[in-house]
Each structure stands twice: as C-alpha cells, then as structure tokens.
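Visitor: Can you walk me through this structure? Keep it quick, please.

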Amino acid sequence: MIENLNKLIQIAIDNKKNSYSPYSKFRVSALVITKSGKIYKGVNIENASYSATICAERSALASCISDGHTDIEAMILTADAKDTSPCGVCRQFMAEFLDPSCKIVLANSVDDYKIYTMEELLPLSFKKDKLEEI
Ligand code: THU
C-alpha cells in the first residue's frame with residue numbers, strides 16, 4: 001500500500017486550513033501522490049460566481065499535471081463532513097489521469113479511512129479510447 005499513509009492523511013487534514021470556502025464553509029483537501037514520490041496538495045477554491053468554484057481534487061491534480069507529472073500512484077481526500085467522496089465532475093477529471101486500479105483514500109482521520117480504486121468510483125467511464133475509435 002501507500003508508504004506512510006497515516007502521515008500523508010495528516011498532511012491532507014492539515015491542508016484543509018488552506019481551503020478558500022467562504023460561501024459553503026465546507027473545507028475539502030486533496031493530495032496527489034506520484035509514483036516518483038512527489039506530493040501535490042489541493043483545496044476547494046470557491047468564487048463569488050459560484051459555478052467558477054474548483055474542487056480540491058481537481059485543484060490538486062491541476063497542480064500535479066502542471067508540474068509535469070502524470071505518473072499518479074494514489075490520491076487522498078478529506079473534508080469537514082464524514083465519508084466525503086469525490087463529486088461526479090471530479091471523478092471524470094480523475095479518470096483522465098488515474099489508472100483504473102489507482103487507489104483513492106477517503107479519510108475521516110488518520111485511523112478512519114476507506115480505500116477505493118478509480119474503477120470503483122467511476123465504472124464504465126468515458127475515456128479517450130472512445131475518441132480514438134472514430
Ligand atoms: N467540493 C470539493 O472540493 N470536492 C468534492 O468532491 C465535493 C465538493 C467542494 C466544492 C465546494 O467548494 C464545496 O465543496 C461545497 O460543495
């Protein structure tokens with residue numbers, strides 16, 4: 001499994017402080033861990049024009065991809081509410097980069113978490129192979 005998982009979950013929890021969520025007050029934090037061991041953090045960043053909000057998962061992935069890394073080992077997600085899981089838009093965004101077997105840790109605390117695969121969170125996903133068929 002992911003090395004130092006408890007430590008990484010704690011980093012994700014601590015990072016909730018950076019959430020910019022003045023409208024919902026709902027803090028979300030995500031970590032992307034690359035196969036080369038790099039860690040990228042993300043938080044939800046809300047906007048006065050609500051639909052311009054970006055979720056923590058997409059924020060963390062955007063940072064990782066922008067830094068030139070697509071070799072994703074795992075993601076960790078934590079939020080203020082128990083058992084928060086990625087929204088549909090984020091699942092689609094994640095499926096673009098995460099292998100079906102890639103692990104996603106949904107954490108309430110360092111000793112209360114569940115691990116899912118990308119395939120479990122978004123079965124039958126629409127991916128680029130379909131675009132390559134035409
Ligand atoms: N949010 C996330 O950051 N990730 C999700 O997967 C679900 C929702 C954020 C968006 C918004 O800032 C707040 O949570 C309430 O919807």
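**Strands, salt bridges and surface**

Guide: Strand β1 (residues 28-34) pairs with β3 in the antiparallel sense, over seven bridges. Strands here are DSSP runs of E, at least two residues long; helices are runs of H or I, at least four long; both are numbered from the N terminus. Strands pair if DSSP finds at least two bridges between them.

Visitor: Before we go on, what kind of model is this?

Guide: This is a predicted model, where local features need pLDDT of at least 70 and side-chain atom pairs count only at pLDDT 80 or more, while totals for chains, interfaces and linings use all residues. Residues are numbered from 1 along each chain as its sequence is written, and side-chain values use heavy atoms, with hydrogens and water left out.

Visitor: Back to β3. Which residue is the bridge partner of T34 there?

Guide: I72 in β3 is the partner of T34.

Visitor: And how many bridges join β3 to β4?

Guide: Five bridges join β3 to strand β4 (residues 103-109), and the two run parallel. T78 stands opposite A107 in β4. L77 stands opposite L106 in β4.

Visitor: Which helix does the chain pass through from β3 to β4?

Guide: The chain passes through helix α3 (residues 88-97), and this β-α-β crossover is right-handed. Right-handed means that, with the strands pointing away from the viewer, the path from the first strand over the helix to the second runs clockwise.

Visitor: Why is β3 called largely enclosed?

Guide: Seven of the eight residues of β3 (residues 72-79) are buried, so the rest of the structure largely encloses this strand. Buried means under 20% relative accessible area, exposed means over 50%, and partly exposed lies in between (1.4 Å probe, protein chains only).

Visitor: What does β4 do with β5?

Guide: β4 and strand β5 (residues 112-117) pair in the antiparallel sense over six bridges. K103 stands opposite T117 in β5. The two strands form a hairpin, with two residues between them.

Visitor: New topic. How many salt bridges are there?

Guide: The count comes to five. A salt bridge is a side-chain nitrogen of Lys or Arg within 4 Å of a carboxyl oxygen of Asp or Glu.

Visitor: What does K16 bridge to?

Guide: K16 forms a salt bridge with D80, and the closest N and O atoms are 3.1 Å apart. This pair links distant parts of the chain, 64 residues apart: K16 is in the loop between α1 (5-14) and β1, D80 in the loop between β3 and α3.

Visitor: Is K16 buried or exposed?

Guide: K16 is buried, at a relative accessible area of 10%. D80 is partly exposed, at 36%.

Visitor: Which residue does R27 bridge to?

Guide: R27 also has a salt bridge with D80, with the closest N and O atoms 3.0 Å apart. R27 is in the loop between α1 and β1, 53 residues from D80. R27 counts as partly exposed, at 33% relative accessibility.

Visitor: And D99?

Guide: D99 forms a salt bridge with K35, where the closest N and O atoms are 3.7 Å apart. D99 is in the loop between α3 and β4, and K35 in the loop between β1 and β2, 64 residues apart. At 39% relative accessibility, D99 is partly exposed.

Visitor: Which residues do shared partners join into one network?

Guide: K16, R27 and D80.

Visitor: Where is Y50 found?

Guide: Y50 is in the loop between β2 (39-43) and α2 (56-66). Y50 is exposed, with a relative accessible area of 61%.

Visitor: Last one. In what order do the elements run?

Guide: From the N terminus on, the order is α-β-β-α-β-α-β-β-α-α. That comes to five helices and five strands. Of the 134 residues, 39% count as buried.
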